[in-house]
Amino acid sequence: MCIRARGKIGYLIGDTSASDSADPTYSIWDAENSMDFEFSIYSPNMSLTSQRVLCNSSLCELQRECTGTTGHCPYKMAYVSADTSSSGILVEDVLYLTTDDTHHEVVEARIVFGCGQVQTGSFLDVAAPNGLFGLGMEKISVPSILSSRGLTSDSFSMCFGHDGIGRISFGDNGSSDQEETPFNLNQLRPTYNISITGVSVGNSSIDAGFSSLFDSGTSFTYLADPAYTYLSESFNAQVQDKRQAPDSRIPFEYCYHKSSNHTKIQIPDLSLITKGGSDFPVSEPVIVISVQHEYVYCLGIVKSSRLNIIGQNFMTGLRIVFDSERNILGWKKFNFFSSTGYESEDSNPLPVNPKNSSALSPTAPKNYTPEGMKGNGNGTQVTVLTPPLSHSSHLNFMSRILILLLLSLIIL
């Protein structure tokens, strides 16, 4: 299935008017504003291994809405996005995983998930076209079920590679040299929430005191004041390029013109100080997008009225460990290709000053590359390149279960 005029840049600004088909530039527009999705429709009736989750199951949270103990267990999920929700029934089926060792054995894990019947809001437009993967702390989530059935520890890690391709390793407890901070747990509804005690932007820093959700399902980072204003204005004060006039089609407030004569843009280093003193580096805080036949780059932070959410763009370049056994968030700088055995067509896609560079594709918000390394304190050079897309796989960690996913982008 090919989605036109609502793909790529349309995900950001919602306005990708087509050129006339007779226009010589139409093929360029079509390539830049189309996305191919292969939809795999799941039907419980077509699966030989599917089982109903009944209302008397311990995993059924909406038993009060059941008409009897042998009925289908319903589910309802409401999201932060206005009028965005999903409802349907719970089913159990087999998730096929691969052990992360030299044997690459297939593991059949029975998990529980929602089979959607009624979707509203963003789910009818651009959000999660191929579904959502449940990675929360609730007992019905995939990591919790894998742990309860003795397949893994109750922990997993995530990293993001080129073009939004991600790696999930279930049972990964991280490493002894990773940075860590504790979760702020709400016993009634636990989430991956942490405390931020400071913000550093280039040559300036302040003490801060706010909490934030860590959500890999959110494409960009959302901050409320005063953190948003301080971080944005400090970033703006240290960027040398001309700032673009406000554009209602773009959700980002701070965008800048990139000169066509230069392949690099200079941006200040950005990091968050977490509870306990660990530094959380943000290697790729900007989004490069196309607006009226020119490229601009934007600070990938959206102003929020109340919620703080650290999104996928701030996680790029790190292996993030969500450890529900120790109730900590861990992270470590991570090269998606060399550290996992994945190899690109070009082993060094960053020919210009690679120690201070990171590759970004100029055409889509999901094209992030965790190749960046922290600069020397004066800034990080972001090279605007299109990274190679062909990778080979070699898995080299024992006792963990691995699944590779193309992670859907969800804008709250």
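Modeller: What follows begins with the whole protein and then turns to the disulfides one by one.

This is a predicted model, in which local features need pLDDT of at least 70 and side-chain atom pairs count only at pLDDT 80 or more, while totals for chains, interfaces and linings use all residues. Residues are numbered from 1 along each chain as its sequence is written, and side-chain values use heavy atoms, with hydrogens and water left out.

The protein holds five helices and 25 strands (DSSP runs numbered from the N terminus, with helices being H or I of at least four residues and strands E of at least two). Of its 412 residues, 50% count as buried, where buried means under 20% relative accessible area, exposed over 50% and partly exposed in between, with a 1.4 Å probe and protein chains only.

A disulfide here is a pair of cysteine sulfur atoms within 2.5 Å, and by this rule the count comes to three. With the bonded cysteines counted along the chain, their pattern is 1-3, 2-4, 5-6.

We can start with C55 and C66, whose sulfur atoms are joined at 2.0 Å. This pair links distant parts of the chain, since both C55 and C66 sit in the loop between β3 (51-52) and β4 (74-78), eleven residues apart. The torsion about their S-S bond is about -90 degrees, so this disulfide is left-handed, and both cysteines are buried.

Turning to C60 and C73, we find a disulfide with its sulfur atoms 2.2 Å apart. Here the S-S bond shows 95 degrees, and the link is right-handed. Because C60 and C73 both lie in the loop between β3 and β4, the pair ties together parts that are 13 residues apart in sequence. C60 is buried, as is C73.

Since C255 lies in strand β13 and C298 in strand β18, the pair ties together parts that are 43 residues apart in sequence. C255 is buried with a relative accessible area of 4%, and C298 is buried with 0%.

Three strands form an open sheet in the order β13-β18-β17, with antiparallel pairing. At its edges stand β13 (255-257) and β17 (286-291), each with a single partner strand, so one side of each is left without a neighbour in the sheet. Neighbouring strands of this sheet are turned by 30 degrees against each other on average, direction ignored.

Between β13 and β18 (residues 294-299) there are three bridges, and H257 has V296 in β18 as its bridge partner. Finally, helix α4 (residues 227-238) lies across β13, β17 and β18, running at about 135 degrees to β18; such angles run from 0 to 180 degrees between N-to-C directions, with axes being lines fitted to C-alpha atoms, for helices over the stretch in contact, and contact means heavy atoms within 4.5 Å.

Definitions and conventions
Pairing = 2+ DSSP bridges.
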